[in-house]
Amino acid sequence: MTRLINLACAQMGPIARSDSRPAVVRRQIELLREAKGRGVEFVVFPELAFTTFFPRWLIDDQTEIDGFFEREMPGPETHPLFDEAKRLGIGFYIGYAELVAEDGRMRRFNTSIIVSADGELVGKYRKVHLPGHAEPVEGRTSQHLEKRYFEPGNLGFPVWRTLGGITGMCICNDRRWPETYRVMALQGAELVCVGYNTPDDHTGVFDFDQLTGFHHQLSLQAGAYQNATWVAAAAKAGCEEGSNMIGLSMIVAPSGQIVAMASTTADELITARCDLDMGTLYKRTIFDFSRHREPSQYKLIVERKGAILPD
Ligand code: ING
């Protein structure tokens with residue numbers, strides 16, 4: 001049996017600090033229309049897809065910071081994207097900065113949602129792994145201050161029955177952590193959607209940074225293969241406000257094979273026909289979790305945050 005879906009990643013090029021949401025949404029609508037023309041049923045957009053990647057700056061004024069957040073999704077300026085997707089009958093994943101009143105206080109998360117082809121909200125995820133720092137690093141021109149502007153996600157790693165299969169999502173740095181995929185795979189995930197903004201100077205150490213694209217690809221292929229799931233990853237790419245962010249949006253099969261990859265760092269749609277049953281043989285053999293895993297031996301993974309070295 002094959003459950004085929006026509007999937008796309010809508011990579012986006014740079015978004016300038018001065019770009020308005022309507023201008024960004026117009027680009028996203030163009031990508032949706034191109035997807036429709038290719039028979040695509042579901043589109044993955046990037047992380048923080050409506051604005052420039054603002055955590056690269058130290059911003060003190062909270063009103064200015066909150067200008068990068070969405071108080072409602074969709075809101076007046078983002079609604080046209082939802083309307084067009086529904087008109088075209090295309091579902092999508094998109095990332096945005098979420099500002100929400102919860103537990104009696106204002107809370108800020110790096111969030112993504114899945115919206116069905118008929119325009120319904122299927123599910124929400126909040127980024128668990130926040131890279132970088134809460135305070136600026138001396139001597140760095142571009143910072144990485146997600147720990148300053150967002151709280152870690154508090155929704156876990158849920159999955160949903162949609163697209164005729166079981167779909168989960170994560171955001172950017174989450175894709176580097178094996179726990180991310182494994183928690184979703186232990187719920188039967190067959191597709192993991194991920195948006196990202198990945199600058200090529202994260203450490204400022206050339207021998208590390210020159211491998212940014214390789215580490216991105218390695219993380220996706222490992223996550224896909226070791227959990228017998230499709231992974232669809234969409235970049236916000238290009239030179240954005242002086243920060244060079246990798247493209248390399250790609251769709252990875254449960255085999256670990258890359259079936260589609262972007263070749264630019266601009267707005268670019270990549271597509272693939274994905275058989276959601278492709279992971280079945282992996283889940284019945286090499287990654288038959290219930291037959292092969294030994295959770296009683298893995299306790300440290302949950303109990304211990306940082307490494308504790310032997311005496
Ligand atoms: N960005 C980056 C990511 O995890 C980073 C941070 C860049 C880590 C380069 C390592 C190398 O892809 C976000 N937004 O998480």
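Modeller: Start with the terms: strands are DSSP runs of E with at least two residues, numbered from the N terminus, and two strands pair if DSSP finds at least two bridges between them. The model is predicted, so local features need pLDDT of at least 70 and side-chain atom pairs 80 or more, while totals for chains, interfaces and linings use all residues. Residues are numbered from 1 along each chain as its sequence is written, and side-chain values use heavy atoms, without hydrogens and water.

Colleague: How many residues lie between β4 and β5 in their hairpin?

Modeller: Five, and Gly119 in the turn has a positive phi of about 80°. Strand β4 covers residues 105-115 and β5 residues 121-126; the two run antiparallel, joined by five bridges. Val115 has Leu121 of β5 as its bridge partner.

Colleague: Which residues come nearest to the ligand?

Modeller: Near means a heavy atom within 4 Å. There are 14 residues around the ligand, with Glu146, Cys172, Asn173, Arg176 and Thr198 nearest.

Colleague: Which side chains have a polar atom 2.8 Å or 3.0 Å from the ligand?

Modeller: A polar contact is a pair of N or O atoms within 3.5 Å. The side chain of Glu146 has an N or O atom 2.8 Å from a ligand nitrogen. Oxygen atoms of the ligand lie 2.8 Å from a polar side-chain atom of Asn173 and 3.0 Å from one of Lys127. By the Shrake-Rupley method with a 1.4 Å probe, the protein covers 97% of the 370 Å² of accessible area that the ligand has on its own.

Definitions and conventions. Polar contact = N/O pair within 3.5 Å; in protein donor to acceptor, adjacent residues only side chain to side chain. Helix = DSSP H or I, 4+ residues; strand = E, 2+ residues; numbered from the N terminus.
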